[in-house]
Amino acid sequence: MKATEALQAHTKYLWFNTKNRRDYVRITDEVAQFCQESGIQEGFILVSAMHITAGVYVNDWENGLIHDIDEWLEKIAPVNPGYQHHKTGEDNGDAHLKRILINHQVMIPVTEGKLDLGPWEQIFYAEFDGQRKKRVILKALGI
Amino acid sequence: MKATEALQAHTKYLWFNTKNRRDYVRITDEVAQFCQESGIQEGFILVSAMHITAGVYVNDWENGLIHDIDEWLEKIAPVNPGYQHHKTGEDNGDAHLKRILINHQVMIPVTEGKLDLGPWEQIFYAEFDGQRKKRVILKALGI
Amino acid sequence: MKATEALQAHTKYLWFNTKNRRDYVRITDEVAQFCQESGIQEGFILVSAMHITAGVYVNDWENGLIHDIDEWLEKIAPVNPGYQHHKTGEDNGDAHLKRILINHQVMIPVTEGKLDLGPWEQIFYAEFDGQRKKRVILKALGI
């Protein structure tokens, strides 16, 4: 597929306020809707967590695996009162590290007007210090 | 370098079917060839694994290091029959976690018609549950 | 926000030569300056470490947390004489793994001519094998 046209850029913000401190929210449908709204046919959509204790990742939509991911993140980057960061009064050192581990953004390719994801790829917002309002940017660049 | 022209978008899919369950395949040449085919002079190429038990990364082309990376991934995200994900009948929970750890995509800058990589940067496809057909998307956006 | 105009591409390289082997250098101001120089109003800026023993990440500008991140990286991907990579004469196997863990690049969205970062998001260059000249590419694509 090849196309040569003028560029379009579109921006939208998603807001989250999870009930739990840690949560994993599927946002594939919201990103697909944004793709449709933008009207771009070929390009990229950036999906990026704007708060530094949250992430975005692409993996399976299966509750057992989501449980495994959460347990694994907690094992590798555990809640721990001993973080130096906590001397500022914060208690979320682990959440900053979990964001690094899972990464905070993905680029979604758009082909023929649709998210060009593999058959099992689903986009997730990963909250590590929730119970307050936090934001994700969606930014589309393309034709 | 500055350029102001109409945008081009190009898409290609690479297929893999590795002999081993875990494998690390250098794909710099394939991405460079795609860059040339696309004809873009300035822009980005997304290289993204479309299956959720594989990744893409940029690091050294040195067999000792590739061995170290594999050993390290297995240490941090080990094969383990205890994953909840396995209640679905799957046995690849570790592969999902390894993909998160190594990340599943990179953006390659294109400058003056070539991949703008550092002297030792090489692009790799990382397979964590192979021995079947799997896909990587290459998507170029630029001038 | 929607815009339909001709594309612009801009490229710049930042050089680093850190005093310490491991160091974390805030580069938000340098990226913001590049954004202004480029004149793009809507688009993306790629910030990517071109050496395979360094990374780029977005997180908090707080010294305690930077200490925690360094300690955590060293715990998960430690300096270790036993890496196979060292048979080449190198001694920086840990630095290659730390780059994988923290990731080596970010895409920064640009909206209305400015870096569209969350209130606490700061861009960092993470050096894991310093005391020599190393490079980061900044590449802007947008309107």
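Let's start with A:Cys35, which is buried at a relative accessible area of 2%; buried here means under 20% relative accessible area, exposed means over 50%, and partly exposed is in between, with a 1.4 Å probe and protein chains only. B:Cys35 counts as buried too, at 1% relative accessibility. How many disulfides does the structure hold over all chains? The count is 0, where a disulfide would be a pair of cysteine sulfur atoms within 2.5 Å.

A quick word on what you are looking at. This is a predicted model, where local features need pLDDT of at least 70 and side-chain atom pairs count only at pLDDT 80 or more, while totals for chains, interfaces and linings use all residues. Residues are numbered from 1 along each chain as its sequence is written, chains are lettered from A and ligands numbered from 1 in the order in which they are written, and side-chain values use heavy atoms, with hydrogens and water left out.

Now to the aromatics. A pair of aromatic rings is described by the distance of the centres and the angle of the planes. Searching the whole structure gives 9 aromatic pairs over all chains. For Phe, Tyr and Trp (its six-membered ring), a pair needs centres within 6.5 Å; planes under 30 degrees apart count as stacked, over 60 as edge-to-face, and the rest as tilted.

Take A:Tyr24 and A:Phe128: their ring centres are 6.2 Å apart and their planes stand at 70 degrees, so this pair is edge-to-face. A:Tyr24 belongs to strand E3 (residues 23–26) of chain A, and A:Phe128 to the loop between strand E8 (122–127) and strand E9 (134–142) of that chain, so the pair ties together parts 104 residues apart in sequence. Strands (E, at least two residues) and helices (H or I, at least four) are DSSP runs, numbered from the N terminus. Both A:Tyr24 and A:Phe128 are buried.

Then look at A:Tyr57 and A:Phe124, with centres 5.2 Å apart and planes at 15 degrees, so that pair is stacked. This one also links distant parts of the chain, 67 residues apart: A:Tyr57 is in strand E5 (residues 54–59) and A:Phe124 in strand E8 of chain A. Both A:Tyr57 and A:Phe124 are buried.

Over in chain C, we have charges on rings. The charged end of C:Arg26 sits over the ring of C:Trp61, 3.8 Å from its centre; the test is NZ of Lys or CZ of Arg within 6 Å of the ring centre and within 35 degrees of the ring normal. C:Arg135 lies over the face of C:Tyr13, 4.7 Å from the ring centre.

On to symmetry. Chain B superposes on chain C by a rotation of 120 degrees with 0.0 Å of shift along the axis, RMSD 0.0 Å, fitted by least squares on the C-alpha atoms of residues with pLDDT of at least 70 in both copies. That is the relation of a three-fold axis. Which C-alpha of chain B is nearest the axis? That of B:Ala6, at 3.2 Å. The copies use different surfaces, with 19% of the contact residues of chain B recurring in chain C, contact being heavy atoms within 4.5 Å.

Last, some backbone. Most residues other than glycine have a negative phi, and most peptide bonds are trans. B:Gln131 has a positive phi, near 65 degrees, and is in the loop between strands E8 and E9 of chain B. C:Glu112 has a positive phi near 50 degrees. C:Glu112 is in the loop between strand E6 (105–111) and strand E7 (114–115) of chain C, and is exposed, with a relative accessible area of 60%.
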